Amino acid sequence: MEQAVPSDRAMGASPDPVDHTGLCLLSLDGGGVRGLSSLHILKSLMSQLNRQREENGAAPLKPCQLFDLIGGTSTGGLIAIMLGRLEMDVDECINAYNRLIKAVFKEKAHRIPFRFSGRIQSQFDSAKLKAAIEEVITSRGYSPTEPFNDRKPRGCKVFVCTVTKDLYGITHLRSYDLPQKPSVPATISEAALATAAATGFFVPVSIGARQFVDGALGVNNPVEEVEAEASDIWCADTGDVKPLVKCFVSIGTGNPGKKAVEDKLLKFLSKTLVQITTETEETAKRFVARWRQHYDHGRYFRLNVEQGLQDVGLAEYKEQGRIETATHHYLDDQQQIFRVGKIVGNLELKQRSAEVSLVREIQEYNIDRIRNELSMETALYPGQMIDPCSHSHSDPDRAILPCHYIPLPRNERFVGREKVVAALRQQLFTSEAGRKVSLVGLGGVGKTQVAFQIAYWTKEHKTDHSVFWVSAMSDASFEQGYTEISKKLAIRKKSDDEDLRESVRRSLESVESGKWLLVVDNADDMEVLFGSSENRNGVSDYLPERDDGLILFTTRSMEVALNVGGEIADLPEMSPDEAKGLLEKSLIQNHILSDSEEVSALLQELTYLPLAITQAAAYMNRNQVSIARYLELLHGTEQDLVGLMSREFRDPTRDQQSRHAVATTWLVSFNQIQKSDPDAANLLSFISCIEPKSIPKSLLPPLPTDEAMVHAIGTLNVYSFLVRRGDGDTFDMHSLVHLATRIWVARNGPDGRAEAEAIQHVSQVFPSDEWKQNSGHKQEIQARRQGRAMLAGGWSDPGSGEVP
């Protein structure tokens, strides 16, 4: 492809292969006669481009000389064949298309779209469609029976979308070989007919033993099909075509409006066509979201006439003038003038068609560039350490080397959890749905430590991945994490007033950011994650989304996990052997482990909860007490137990903003529940006064409606505070959670009120003789009242300090 010498080459710099030979992709929607709108948009692009080329002394180009891949559906499929396989320029294509739609749509074959039997019959003569297509093919010097894929090398590859009639599924008919995909041998004429055979308009098309109809229902906007096809051609190993794309243009056929969609068919067909229109726009929105960085950086463009085509039906060939006028009005808008100018500016740098070796060219270019930059900086600053991460953003369009921000050291006491860690690796790095994974479990069960294992494993074994860590405990902690990441990557804001969090999101979503894993720890609060009436933007608004990016959340809340999307992994308590191993690694005086029965009894009392085990070891290390003495304190008075479980301790492997004591680690969650679901908080208050095991739903205090009860129990379930036994209506509460609820209720409620209300309710549930038969709960409540009396005046915060 003839091209003026670019400035970077003239200056002796090595040209970026993406800028000069990167992929140029064209996607064409279906839309009946409104396909003329697509052609007039494309004509505007090509006219401006060729005007620029003429000024530079270069020959004009056809679309087939500029685009590496053209894909289309229905109308767009026909146009793709004419532009790419028949190698027409845009004016030739417009003339041919006008003749074709007039010949085909001038007269209907049937006025009623259904036979008397109820089967759909075509409104137009399929023989006329075939004759018109063959006339276009022969006018270009080809035979209609020539293979669509004649295996001759061409710079422009073409595919069209069609649907198998008997078994719904999108099929690509290709003008090129793709060894890893099944192929359907079709002639040029058959490929054109198969993509154009719209249900209700034409009869299905037979190719071999199979029948096809047009692919409009499902992929009327084929932009995602073009992306997938380009990935299979140029980067089948990685499946990520984004870093290779220079310019991706998607052209629609205009907003048809409700009247045009109905197109005078019966109600059944109307609904189908409404689905087509909805799918087209939803696909466009979804794709812009996924390709946001390319959109922002002027590498992806969607052009589609919004007004003026609402009343133009799919077969109204006489509306050619109106289609052209509406499209010109659209292109005359200042915003579209600017966008078309950006497309032309992008495309005019294209020097030659992209080879299959493009991936290797880009990799070699990036390696050479980074080496050159490092050597230059080493020469300029001898003896100074150069951080390769900082090279990413001296030029925002250049790739970075993997780098890492993990705020805490590796936990040398970590033991076990092999199955959980292996499953997370599988979900993150193998599963197609693993771009987001939430690790869910009870507070103190070890989610953060498992996440650290994943982070450090990724750093060591996935050397092409950067690893970053943020805490979502609060807005402030999240912003602090992003501040550290921005320093690590030397991110520069677009403007002084740009939110730093937005700068980091934008940077991580860029193609140049490479592959990365982001750990979002302590994502427990829905309002912090998704915003509130006081703070509209939650931290989720600043989380990057990129095909090469992975996010691992740790959360206590199943509700959070469901709302962030992606896969979910549950983290249970440790096994007895894992718990014993953690205790051994945490104790300084290992000789106190000699009595295996005492060790087993202690771990059972601590319910194999990692935080409880770590806290117990810290207490025994600090105070030099034996396991037997610690068990005595656990079995002592309520005040001893509360004091023991409330002692804060230092742990360098945990976020210093987190509560380290077992009895206080859940208080934040309790307060969140009290704020968001008062009914669930009332259930917590009641359960704090009864036995925590085998709690029947019928014993719980009534709520205004059954739905309210279901929702309140659901709230306690999503935090893992209540666990349902099988499929029944009986629940258990973790004994240490139960202790924490008692502390929480005592600190927040009027003295004795919770116990009094519990006794009154249980008396109503079990009157007279039944009360005697079910006295366990009554005795438990009375014991709670006695414990409360003993602790009067001492509930302020027995664990406000560290281990004494």
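Colleague: Which strands form the open sheet, and in what order?
Modeller: This is a predicted model, where local features need pLDDT of at least 70, side-chain atom pairs count only at pLDDT 80 or more, and totals for chains, interfaces and linings use all residues. Residues are numbered from 1 along each chain as its sequence is written. Strands here are DSSP runs of E with at least two residues, numbered from the N terminus, and two of them pair if DSSP finds at least two bridges between them. With parallel pairing, the 6 strands follow the order β9-β11-β12-β13-β10-β14.

Colleague: In β13, what is the bridge partner of L518?
Modeller: Strand β12 (residues 515-521) runs parallel to β13 (residues 549-555), and 5 bridges join them. In β13, L518 has as its bridge partner I551.

Colleague: At about what angle does helix α17 run to β10?
Modeller: Helices are DSSP runs of H or I with at least four residues. Axes are lines fitted to C-alpha atoms, for helices over the stretch in contact (heavy atoms within 4.5 Å), and angles run from 0 to 180 degrees between N-to-C directions. Helix α17 (residues 418-429) lies across β10, β11, β12, β13 and β14, and its angle to β10 is about 160°.

Colleague: How many residues of helix α29 are buried?
Modeller: Buried means under 20% relative accessible area, with a 1.4 Å probe and protein chains only. Among the buried ones are L683, L684 and F686. For α29 (residues 678-687), the count out of 10 residues is 7.

Technical notes. Side-chain values use heavy atoms; hydrogens and water are left out. Buried means under 20% relative accessible area, exposed over 50%, partly exposed in between (1.4 Å probe, protein chains only).
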